[in-house]
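Take a look at the predicted model below.

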Amino acid sequence: MSAEGEYDCIVIGAGVQGSFTAYQLAKKNQKTLLLEQFLLPHSRGSSHGQTRIIRKAYDQDFYTHMMEECYELWAQLEREAGVKLYRQTGLLVMGPENSESYQLFKVTLQKNKTPMVVLTHDNFSQHIPNVKLAPGDGAFVDISAGVLYADRALRTVQGQFQKLGGVIRDKETVTNIKPGPVVTVSTSAGVYRAKSLVITAGPWTNKLLAHTGLQLPLEVVKINVCYWKEKAPGSYSVKRRFPCFLLTEGEESKEHIYGLPSNEYPGLVKICYHMGSETDPDQRDKQTDKSDIEILGQFVTRCFPGLVPEPAVVESCMYTWSLRRPLKQPPIVHIMNDYQPYLSQSEARTNCGHGFKFGPVIGKLLCELSLGEMPSNDLSPFRIRRFHTKTKSAL
Ligand SMILES: Cc1cc2nc3c(=O)[nH]c(=O)nc-3n(C[C@H](O)[C@H](O)[C@H](O)COP(=O)(O)OP(=O)(O)OC[C@H]3O[C@@H](n4cnc5c(N)ncnc54)[C@H](O)[C@@H]3O)c2cc1C
Ligand SMILES: O=C(O)[C@@H]1CCCC=N1
């Protein structure tokens with residue numbers, strides 16, 4: 001027998017953004033359904049894995065400002081659920097001292113009076129052992145940055161949502177969306193109706209939006225999540241207070257390279273390249289490009305002499321980039337979330353490559369928007385309207 005139900009709001013996609021949105025809606029006493037195509041937990045989207053970086057170090061003020069509130073909301077969830085989701089490690093930021101990108105990170109933190117320590121070539125190795133700072137590179141530490149326990153965070157927020165009476169239906173793919181004052185959502189197992197719809201489908205956003213006649217200039221890329229073995233066990237360990245790090249640009253590439261201390265897999269340090277190769281989310285494993293791993297190997301050889309320069313473990317994850325015209329230009333790296341003015345009772349939302357840490361605020365904002373409330377943060381950097389594309393939906 002197929003399932004049916006009436007809700008105040010339906011959220012499609014139980015990644016970090018959808019789960020926080022559903023939780024916020026339930027907190028506001030909204031009868032909420034969270035739909036997920038895969039059996040939870042799963043590792044086929046963007047929110048899986050044990051760890052993510054949380055930081056205030058950004059090259060644009062609005063991200064640093066948003067992070068103030070994010071830290072508070074993460075701490076609130078920790079208290080509510082009685083679990084530890086964040087571990088402070090600091091974030092080491094490195095990059096060519098005179099480059100625009102490095103300076104933007106440094107100046108943004110300084111301007112916003114974010115706790116930071118600037119390191120010099122003389123005292124660098126005293127603070128950060130086993131890392132080589134390139135000649136001409138500057139370095140500073142964003143003190144409050146650290147690690148978010150991602151899988152645990154997802155479990156926690158979904159659990160809190162259910163405690164508030166929220167309904168999760170996993171292994172249920174949304175197959176159609178019918179607009180109207182009441183939105184009808186069909187899935188592989190049933191039909192549901194709601195006054196409001198939030199779409200947080202990550203890499204599947206355009207596939208899902210096809211049902212609404214709306215398409216966004218997005219590109220999905222596969223990221224090889226690489227773990228590198230310590231030559232001396234523990235030398236880059238979270239227990240020895242080794243920080244997360246971000247190289248703004250380097251000899252190997254203009255793209256960021258970032259990493260986290262050894263933690264989830266003993267003796268293995270996670271280091272990734274902030275760029276991947278295009279993929280269809282349903283064919284992710286067919287994308288076998290490894291040019292990012294080559295770049296990372298060169299970086300590890302140059303800067304992390306205490307790591308074996310070949311990954312010991314490679315996992316997969318996906319980013320959903322927002323592109324500006326023409327589509328093949330380098331992606332503009334922003335979180336994407338937007339109120340879509342053409343969607344009568346519904347809203348279209350989506351997200352991309354550094355958004356885990358923002359989950360609590362994004363959830364709050366999507367909740368406000370779907371209740372017709374004035375968003376409590378400035379959303380202008382995230383508006384869908386910033387894309388000159390076919391944004392008029394059939395809804
Ligand atoms: C390698 C890697 C490292 C990262 N590092 C960081 C970091 O250090 N710090 C940070 O803040 N962020 C980081 N990010 C980014 C962050 O993880 C993502 O921005 C975030 O997880 C995106 O979440 P989401 O909910 O938008 O998407 P997803 O997690 O992909 O969720 C979308 C969900 O929608 C479901 N769905 C799709 N279509 C349907 C359908 N038709 N019916 C039902 N369900 C559907 C999918 O199955 C999926 O579960 C990283 C990302 C990657 C890949
Ligand atoms: O979001 C983060 O902090 C990481 C590091 C920079 C690139 C993407 N993810």
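Start with the position of ligand 2. Domain 1 (3-46 + 151-214 + 325-394) and domain 2 (91-143 + 220-321) both give residues to the shell around ligand 2, so ligand 2 lies between them. Keep in mind that this is a predicted model.

Now look at the shell itself. Ile 53, Arg 55, Leu 246, Tyr 258 and His 274 belong to the surroundings of ligand 2. Tyr 319, Gly 353, His 354 and Lys 357 are also part of them. Sorted by class, the shell holds 4 nonpolar, 3 polar and 2 charged residues.

For Arg 55, a side-chain N or O atom is 2.6 Å from an oxygen atom of ligand 2. For Lys 357, a polar side-chain atom lies 2.5 Å from an oxygen atom of ligand 2. How much of ligand 2 does the protein bury? Taken alone, ligand 2 exposes 260 Å², and the protein buries 94% of that.

Next, turn to Thr 64. This residue is found in helix H2, which covers residues 61-81. Is Thr 64 buried or exposed? Its relative accessibility is 1%. Buried means under 20%, so Thr 64 counts as buried.

What does Thr 64 touch? Leaving out residues up to four places away in sequence, Thr 64 touches Lys 56, Tyr 58, Thr 108, Leu 109, Asn 112 and Thr 114. With Lys 56 there is also a polar contact: the side chain of Thr 64 reaches the backbone oxygen of Lys 56 at 3.0 Å.

Technical notes: Residues are numbered from 1 along each chain as its sequence is written. Chains are lettered from A and ligands numbered from 1 in the order in which they are written. This is a predicted model: local features need pLDDT of at least 70, side-chain atom pairs count only at pLDDT 80 or more; totals for chains, interfaces and linings use all residues. Side-chain values use heavy atoms; hydrogens and water are left out. A residue is near a molecule or strand if one of its heavy atoms lies within 4 Å of it. A polar contact is a pair of N or O atoms within 3.5 Å; within protein, one must be able to donate a hydrogen and the other to accept it, and residues adjacent in sequence count only if both atoms are side-chain atoms. Accessible areas come from the Shrake-Rupley method with a 1.4 Å probe; for residues, only the protein chains shown count as cover. Ala, Val, Leu, Ile, Met, Phe, Trp, Tyr, Cys and Pro count as nonpolar, Asp, Glu, Lys and Arg as charged, and the others, Gly among them, as polar. Domain bounds come from an automatic or database domain assignment. Helices (H or I, at least four residues) and strands (E, at least two) are DSSP runs, numbered from the N terminus. Buried means under 20% relative accessible area, exposed over 50%, partly exposed in between (1.4 Å probe, protein chains only). Contact means heavy atoms within 4.5 Å.
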